[in-house]
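Please keep the sequence and the coordinates in view.

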Amino acid sequence: MLETIMKRRSIRSYTGESISNEELDIIIKAANASPVGLGMFETMHLTVIKNKELLKEIEDKAAKAFHKEDYHPFYGAPILIVVSSQKPMERMENVVYSNAAGMVENMALAATSLGIGCCHIWGATAFFCRMSVKTARTRIHRRYKRYGTWICNRARCACNGDFT
């Protein structure tokens, strides 16, 4: 396990080759194995977005919001996973951020162990919270707030921590 932790990197360059459904299932299982504060597993939600048109729409809106004409926060990755939760009581929001961070890191470790590149996209999370893409298209309930966004796919570089 320590070897996987030491190899884990944020990857921002992807090939066009998709990961398999089996690999994606392993990554989702890793997220669901994360510790969740107060045992409130039912409040956490993962949304997998693979629709190219929707990903482009989100990226286009992000480019406009950040005033960056050629902005691509997903770096060409064809898979975006959004970690969201029911809006907590005000004093509990730090717990939800911790829950989301644990889920994102577990996904990253699972991806690394499978030789899959990934990256936690915090700027996209902040944007995603304000964007106006219809919730029906993203399948995120309007009562849920986004706490993390994560991308993955086959990396252009080796995901083994050896970048020499």
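Helix H2 (residues 21-32) packs with helix H4 (residues 93-113) at an angle of about 145°, and their axes are 7 Å apart. Helices (H or I, at least four residues) and strands (E, at least two) are DSSP runs numbered from the N terminus; axes are lines fitted to C-alpha atoms, for helices over the stretch in contact, and angles run from 0 to 180 degrees between N-to-C directions. The model is predicted: local features need pLDDT of at least 70 and side-chain atom pairs count only at pLDDT 80 or more, while totals for chains, interfaces and linings use all residues. Residues are numbered from 1 along each chain as its sequence is written, and side-chain values use heavy atoms, with hydrogens and water left out.

On the H2 side, Ile26, Ile27, Ala30, Ala31 and Asn32 meet Met103, Asn106, Met107, Ala110 and Ala111 of H4, where contact means heavy atoms within 4.5 Å. The residues of this contact comprise eight nonpolar, two polar and no charged. In this division Ala, Val, Leu, Ile, Met, Phe, Trp, Tyr, Cys and Pro count as nonpolar, Asp, Glu, Lys and Arg as charged, and the others, Gly among them, as polar.

Which residues of H2 are buried? They are Glu23, Leu24, Ile27, Ala30 and Ala31; buried means under 20% relative accessible area, exposed over 50%, and partly exposed in between (1.4 Å probe, protein chains only). Viewed down the axis of H2, the buried residues fall within an arc of 115°, so they line one face of the helix. That arc is taken over the directions from the helix axis to the C-beta atoms. An α-helix has 3.6 residues a turn, so residues three or four places apart point the same way. Exposed residues Glu22 and Lys29 sit on the face of H2 turned away from its buried side. The buried residues of H2 pack against H4 and also against strands S1 (44-49), S2 (79-86) and S4 (144-153).

One of those strands, S1, contains His45. This residue is partly exposed, with a relative accessible area of 31%. Although His45 and Ser85 are 40 residues apart in sequence, they are 5.8 Å apart in space, C-alpha to C-alpha.

The chain as a whole has six helices and four strands, in the order α-α-β-α-β-α-β-α-α-β along the sequence. Of its 164 residues, 43% count as buried. Among contacts with a separation of 6 or more, 83% join residues 24 or more positions apart.
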